[in-house]
Amino acid sequence: MTQVDDKELDGMLQQAFNASTKIYQERGFQRRIGFGKKPAVISVDLANAWTRPGNPFTCDQDAMDNEIMPGMQRLLAACRANGHPVIHVTTAYEITDRNAPFTDMGLWHCKIPIDVVNLTDKELWAIDSRIAPIEGEYTLLKKRASAFHGTGLGGLLRANGIDTILVTGVTATACVRTTICDGLADGFRTIAVRECIGDRVPGAVAWNLYDIDAKFADVTNVDECISYLESVNGLAVAAE
């Protein structure tokens with residue numbers, strides 16, 4: 001699709017969102033979770049296979065280079081300056097032979113080409129160098145869409161007293177969305193950072209963030225999230 005097509009699609013989607021917002025609100029949806037007292041950033045799959053061109057998983061490069069990465073850099077700077085944890089999440093598989101009698105891919109490879117993200121090719125699943133982890137930040141390797149499913153993420157967050165997760169990354173339709181859903185279900189205040197979430201398909205981000213905001217998280221812009229990260233140590237900001 002061309003850029004003009006994308007803009008037209010966004011306009012049509014926004015009209016649909018505006019019309020359906022009234023229905024949601026009348027039925028008690030779109031409530032606010034609010035920020036809590038101890039946050040962490042969960043950055044989902046912002047690794048080279050997703051953030052750089054030339055891979056089946058490659059996401060919208062214009063958004064990646066001009067919005068997602070700059071937003072992430074600002075968000076990480078606020079975390080690092082104020083001592084908030086950052087967890088980088090990536091995905092890779094050790095047994096990627098689709099015909100193997102045993103594999104760590106589950107059956108996901110029957111739907112999507114996860115076999116291309118091989119653990120032996122570290123460059124593919126390494127976190128993008130523009131937001132590379134620094135000392136004290138944790139990198140979590142997952143096998144499923146959600147960063148919570150089959151990992152120790154929930155326990156790690158609880159052990160460190162985290163009550164709020166600011167979720168970023170790709171894709172809005174899958175790994176980001178399922179991480180948000182599981183985070184809320186596990187009792188964390190879930191915040192989706194609008195400018196730091198991407199996907200491959202036009203319209204996918206807009207629709208999913210709208211739906212997530214109605215049901216699973218507060219979709220919040222990066223400026224507000226940074227203000228929160230810079231003030232949370234001295235302010236009681238939990239929702240009433």
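**Helices and pockets**

Guide: Start with N208, which sits in helix α7 (helices are DSSP runs of H or I, at least four residues, and strands runs of E, at least two, numbered from the N terminus). This is a predicted model: local features need pLDDT of at least 70, side-chain atom pairs count only at pLDDT 80 or more, and totals for chains, interfaces and linings use all residues. Residues are numbered from 1 along each chain as its sequence is written, and side-chain values use heavy atoms, with hydrogens and water left out.

Visitor: Is N208 buried or exposed?

Guide: N208 is buried, because its relative accessible area is 7% (buried is under 20%, exposed over 50%, partly exposed in between, with a 1.4 Å probe and protein chains only).

Visitor: What does N208 touch?

Guide: A172, T173 and R177, not counting residues up to four places away in sequence. Contact means heavy atoms within 4.5 Å.

Visitor: How do α6 and α7 pack?

Guide: Helix α6 (residues 175–185) and helix α7 (residues 204–215) pack at about 5°, axes 11 Å apart. Axes are lines fitted to C-alpha atoms, for helices over the stretch in contact, and angles run from 0 to 180 degrees between N-to-C directions. So α6 is roughly parallel to α7 (under 35 degrees; over 145 is roughly antiparallel, 65 to 115 roughly perpendicular, the rest oblique).

Visitor: Which residues make that contact?

Guide: R177, I180 and L184 of α6, with N208, D211, I212 and K215 of α7.

Visitor: What lines the largest pocket?

Guide: There are 31 residues, with D10, D60, E67, V205 and A206 nearest the centre. α1 gives the most to this lining, 8 residues.

Visitor: And the second largest pocket, what is its volume?

Guide: About 180 Å³. Of its 16 lining residues, F57, W108, I112, C175 and R200 are closest to the centre.

Conventions:
On a 1 Å grid over the protein atoms alone, a cavity is a set of points where a 1.4 Å probe fits but cannot get out, and a pocket is an open set with protein on both sides within 12 Å along at least five of seven lines; lining residues have an atom within 4 Å of a point. Grid points are joined across faces, edges and corners, and a volume is the space filled by probe spheres set on the points.
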